[in-house]
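Thanks for coming. I will talk through one model this morning, beginning with a single chain and ending with its packing.

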Amino acid sequence: MLAVNDLGVSYGGAVRALRGVSVAVDGGEVVAVLGSNGAGKSTLLRALSGTLRMHKGTVDSGGITFDGHSLLGRDPAAIVAAGLVQVPEGRRIFGRLTVEENLRAGGMGSRDKGAKAKARERVYEMFPLLAERRAGRAVLLSGGEQQMLAIGRALMAAPKLLLLDEPSLGLAPRVVTQIGEVIAEINRQGTAVLLVEQNAAMALAVATRAIVLEVGRVSLSGEAQELASTDEVRHLYLGTGAGEEDRVQDMAQSGVAAKHLTRWAG
Amino acid sequence: MAVVLCLVAAAMPFYLSSFWLQTGLFCFAASIGAMGLNLLVGTTGQLSLANGFFLAVGAYGYCYFAGARTTTGLLKLSGLGLPPAVAAVLAVLLAGLAGLLFSPIAGRLRGIYLGVASIGLIFLGQHLLINVLRPETGGFNGRDAQPFSLFGFSFADSNPDLFVLNVKFGAVERLWYLGLALTVLAGLYYRNLLRSRPGRAMQTLRDSEVASAVMGVHVIQYKARAFLVSSMYVGLAGVLLALGFRHVVPDTFGLDLSADYLAMIVLGGLGSVAGSIIGAFFITALPLVLQTYSSAIPFLSAPGQGGVGSSEAARYLYGVAIVGVILFMPGGVVSLFRRFGRRPPGAPAPGSTVSTSTRTSTSEPVAEPATHNPHPRTDRQGRTA
Amino acid sequence: MTTQRQARDGVDVPELAVRDVTVRFAGIKALDRVSFTVAPGAIHAIIGPNGAGKSTCFNVLSGVYRATEGSVQFGDQELTGLRPHQIAGLGVARAFQNIALSAVQSVEENLMLGRHHLTKTGFLAGGLQLPQARREDRRHRARAREIAEFLDLTDKLDIPVGVLSYGDQKRVEVARALCTEPRLLLLDEPVAGMNADETRRMAVLIIEIRAALGITVVLVEHDMGLVMGIADRVTVLDFGRLIADGTPAQVQADAEVIRAYLGEAAEVPTEPGATPSGPAPAPAPSRAASPGATPLPALPPAASHPEKPS
Amino acid sequence: MTLFLQLLFSGLSLGFIYALIALGFVIIFKATEVVNFAHGAFLLAGAFVTAKLHDRLGFLPALLIGIAAAALVGLLVERLIIRRLRGAPVISLAIVTIGVNIVIITELTRRIGTNVYSLGDPWRDQTVKIGAVRIAESRVAAVVVALVLIAAFFAAFKYSNWGVAMRATAEDEEAASLMGIRLGRVTAVSWVVAGALAAVAGLFLTAFPSPGLDASAAPIALRAFPAAILGGLDSTGGALVGGLVIGVAESLVSGYENQLLFLGRGFGAVVPYVVMIIVLLVRPSGLFGTKELTRV
C-alpha cells in the first residue's frame, strides 16, 4: 500500500534529516516507527503528508508511492484525498472550534456528504464522549480526549492509511493504554496504521512490524515482538546497559581535548 | 570605498548645479533619518511608522528655537530667537525626548501592534501642528526656518561672500557640506554602535527578546534607548529638512512621509548603514529626477494634462520597487553586495537554519535569516511547553 | 561515578534550592509543587517524558516565567520575582534548546553578547569608540576567544552563526552561556538532534567545564545515555510533578520512572528477555545500519535537523 | 439631549461603516497574517468604479460591479504577491502592501484628479426625522446594509465550510492542511470578501453627508485601522466593537468640539488613534485579541 524507498530529506538545502530510509506498510498492517527526539520521525511524516515545504524541507532522493502512485510533489490536500491522513504530533486540534467543527474540518477534503455523515457516526460511536461534548469548545477537553478528537478528526476523511505522530505524548499511562486499544480497533475496522512513537512499549504492543530511526537512518527493523525484547530498544529509552557512561568518563579523564580554561579573574 | 564616495561627494559642489545640490541636501537629510529609523526597525526590531512625527519635531523645534517673535497676518508667532546652532541641538534633544516619552508605549506593544500605534503619533502630531500649537508652528501655513550659522559662519548666500576656486559658495553649497559632514558622522556613529556592546544587545533583542534578556540585557531599558537615539537621528534629519525647505508646513510630515522612510530602509537593507543611505537617495531623488527629465522620458506628460505625470511616474516606480524588492530581494539592495562580496572564507554555503521562529521566508530561505526575519513569530496558539 | 564536589578554592558557587514551585497556565499546572536541591559544583540532570515540565522549570530558573507559588534560592539570593537580566547578573546562564543565537552575526559577536553584564560600554562610549570602550572590548574579546578555544570554535569565530552546522551552533550556545562567567550553567537539551559523535563530544565538554571552572551544571536532556553517563544526580518530572530524585542508578531502577517512560506494560524489569542482561532472543532483528557492537552509529556532522521541540 | 442622540446615531452609523472595513482587515490578517495597508485602496477602487459606471448602468448594477472590482483587486493582490510571500515576516508583508497601496492610490487619484464624483446612490441628500433627531437617509441605509452584511458574514464565519476552514487555518495552518483543507482557496476567499466589504463601506463613506468621492477618500479608511487594532487584530467580534467605539467617539468629540476646545479644533479626526493607544496601553493585544506567548 505505502512504500517508502531509500528516502533522503534535507532542510534548507544543507541539513540532512533523513538518509536512505525505507519502510513499507501493507493493507491491514500496523507499523511502528521508533526513535528519540531528532531522529527524523516527524520529518518522515512531513514527507508523507506533503508538508515538508512548510518547513523548508525537500526530498532529495528516493521515492514514496501510495497504491502505486507517487506522492512526491503533491500538495497535502491531494494526499488526504488519496486516503493518507495524518494525526499530527501534539494533537493540534483546533482549540477555539467546537468538537463538531473540528470533525467538520477533518472532513473538508471530500464533498461526499453521505460518506461524511457516516464517518461522523463512526467517530461518535468509537468515542461516545466526543458526542456528549460535540457543542463544546475543543480546548476544554482533557489531553486524552483531545487525542481522541485528533484521531476522530483524521478518521473523518475516511483514510486508508492513518499516520499517527506520537499519540501518547504527554498522556497518563492509563490513557496511553486506551489509545493503544483505539489504534487496534481502527486497524480491525480495516485501516492500515503507521505509528510514530517514543513510547516503545505501547507501540510495540500494537504494531506488527517496527523500525527504529536513529539520526536519520533506520538502525533496526523487524517484527514488533522481537524488537520489544532487545537491549537496543531498552537502551534507547532508559540509557541502561550499553556502557556509554564509561566511555564518556574515559574520554574525559584521558583528557581528549587537553584544553584549559581557568576562571575569569574579573 | 566609503572614503572614495565621500571624496566624490565633497567635490560635487564644483560640478553640480544648485538644483542637484539642493536634491543632494534632501538626500543627506533622508539618509540620517533613514539611519535613525533603521536603528529602531532594522537593528532593534521595533516597527515604527512614527518617523514623520519625529521629523516634524526636529524641523519645527529648530524653527521655534531659532525663530524670532513675529506677527504674520493675524497670527502671532512665538520663538526663542536662540543662535541657530544651539537651536539645532535643542531640536535634536527635543526629538529624543519625544522618542523617550513614547518608549513606554513601545515597551508594552509588540510587532505590528506597535507599528499601528505609532501611526497614531503621526495624526496626533498633525493635529498639534495645525490646530493646537499654532503660535509655535504657524498652523496650517507653517513657518520659516532661520538660516543656519555656526560660530558666526552663516550658511546663507552671502555674509560673508565666499568663493572657492572661482565657484560661488552660496547657501546650497554650504548646506551640502553640512549635510555631507553630518551624514558621515551619523554613519560612523551607527557603524560603531553596531560593533559595540549596545549594538550587539539591540541586535539580539531583535532576534530573540527572551534570549537577550536571559543573557543579561535589560530589555525595557534598551528599547527605550533605541527609541531615544533613533528619534534624535530623525530629529536631526528634520532640522536639515527645515534648512533645505526654508519654510516648513505640516502637510509634509504625514503618514506618506513615514511610509517613504520605511520604504527606504526596506529597499536599502534592514539594519545596514549603507542600506539606509542607498534607500534614502533612491526614494528622495527619484521623484526629483523624474520631474526634471519628464520631457525627455517617453509616456510622461506635463502636470495637469491628464496623462501620467512625472510625480506619478515616480510613485509608480517606487511602489513597484517596494513590492519587487520584498518579493525578490528580501535582504534589500545591500544584500546583493553582501552575497557576492563577503562570504567568509571557508564558510559553507548558507544553508543550515538558525530557527528561533517557526516560519521564515520561503522565497529566500537562508542567506540572511535574521535580517530578513527581525520578528520571529511565536506559535499561533501560543503554546508554551 | 563522580561524587559531589565542593566549590573550588575561593569561588563562591552556592547551592540551588527549588522549593514547592508551582506554575499555572490558564488553569493547567505545568509544574506542581516541585522541590529539589542542586549541590554546588554538581552535574544535575532533569529528565522526564515530553511535556513533563522540564522546559517550564528552566524558564522559571532563568526568570522567563514567574512561578505562581514557591521559591527558587541561589545561595542567599531569592530568584523568584527577579527579571531575566537580573538573574543573569547573579551568575546564572542558560543555553537554549532551539538555538536562540543571532544568525547573521559572527560567532565572536554572539559570544561577546555573553559579556554584556560584565561590561559597561554604553551608547556614547560605544558609538564614539572612546578609549575605555576599546580597552574593555579588547579585554573581553580575548576572554571570549579563550572560551572559544576551549570549545574548539576558534576557527569559526568570524563565521556568521547561521551558516554553521547544527552541532556547531549548539556549541556556540554553550560557549555564549559560558561567556557570562556563570556560577550556575543551565543547559536545555544540549545534545537534542545531535548524532552520536557530537553527543559524545558534548558529554566530554560538560565534564570538562565542570572540572575546569568548578561551576554547577543543570541540564534538561532526553538522551538517557548522556544523562546516566555524566550526571551526579537526576530529578525526574512527569506531568509537572516530581516522581523521582536520586543518583542515576537509583533513578534507573525506580519503578515509577520505568512506568513513566515505557508505559504501564513494562512494569519492572523482570520479564524474560526484557532485562539488560537477559538472554538474547532468537531470531535477532536485522541491524540495518550499524553492524558490530557500537550501539550508536557514527555519522558525519550536520546529520541533525530541527525537529519540533518538545 | 437631541444633539447627543443625533451624534450618537451618527456615530453608530459611522461605526458600522468602519466595522465593515475593519472586518475585512481582520479577515485578511487571520487568513494570511498580512496587515493590509492597501485596504484604503480597495475601498477607493470599488467606489471609483461605481462612480464611473452609475450614469450608464444605473446605481445598483454599478455598485455590484464596483464591489466585484474591489474583490478582484483583493484577489489579484493575494494571488500575485501575498501567495508568493507565504511565511515571510509580518513586517515585510505589511510593507509590501504599502507598495501596493502607493501604486493603486496614485493611479486612482490621477484618474479622479480634482473631480468630486457622486456614486449615484438613491438616497441623495434626503433625511428622515425620528423623534427629534434628523438623520440622513444614506446613514440609515448604511446601518441597515451593514447590519445585514455583518450578520451574513458572522453566519458564514460560523456555519459555512469556508468559515470553519478559515477559523481552523487561522488557528493552525499546518494542521488544517493535514486535514485536506486547501489553504490557497481559504486565503483567496478571505481577500475577496475583504475587498467586497471595503467597497460597500466606500459607498457609504462617500455618500451624503460627505460631499462625494474625491482624491482624499482613501485616508478616511485609515480610521478603521484603529478600529481593527483596538478590537484585536485577529478578532472578528472585536472589529465590530472597535468600529462602533471609534465611530461613536469620533462623532461625539467632533459634535462637542466647542466644549472640548482645549483639545484643539478638529480633534475628532484624531480621536480614533487616541482611543486606540489608550486601549493598547491597557491591553497590548487589543480588547479581544489573542495574547501571544513566547516559546523558548
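Starting at the N terminus, the elements of chain D run α-α-α-α-β-β-α-α-α-α-α-α-α-α. That gives 12 helices and two strands in chain D. Helices here are DSSP runs of H or I with at least four residues, strands are runs of E with at least two, and both are numbered from the N terminus.

Some housekeeping. This is a predicted model, in which local features need pLDDT of at least 70 and side-chain atom pairs count only at pLDDT 80 or more, while totals for chains, interfaces and linings use all residues. Residues are numbered from 1 along each chain as its sequence is written, chains are lettered from A and ligands numbered from 1 in the order in which they are written, and side-chain values use heavy atoms, leaving out hydrogens and water.

Next, overall form. The C-alpha trace of chain D spans about 60 × 50 × 35 Å along its principal axes. Its radius of gyration, taken over C-alpha atoms, is 19 Å, which agrees with the value near 19 Å for a compact globule of 296 residues. The globule rule is 2.2 Å times the number of residues to the power 0.38. Of the residues in chain D, 61% count as buried, meaning under 20% relative accessible area with a 1.4 Å probe, protein chains only. Among contacts in chain D with a separation of 6 or more, 76% join residues 24 or more positions apart; contact means heavy atoms within 4.5 Å.

Now one helix. How many residues of helix α10 of chain D are buried? Eight of its eight residues, 224–231, are buried; Phe225(D), Ile229(D) and Leu230(D) are among them. They pack against α5 (111–132) of chain B, and also against α1, α9 (217–221), α11 (236–255) and α12 (271–282) of chain D. After α10(D) comes Gly232(D), with a positive phi near 110°.

Finally, the cores. A nonpolar core is a set of buried Ala, Val, Leu, Ile, Met, Phe, Trp, Tyr and Cys residues joined through side-chain atoms within 4.5 Å. The largest has 213 residues, and those with the most contacts inside it include Tyr261(B), Val35(D) and Leu213(D). Helix α1 (residues 2–32) of chain D gives the largest share of this core, 15 residues. A second, separate core has 56 residues, including Tyr166(C) and Met224(C).

How values were computed: Buried < 20%, exposed > 50% of the residue type's maximum accessible area, 1.4 Å probe, protein only.
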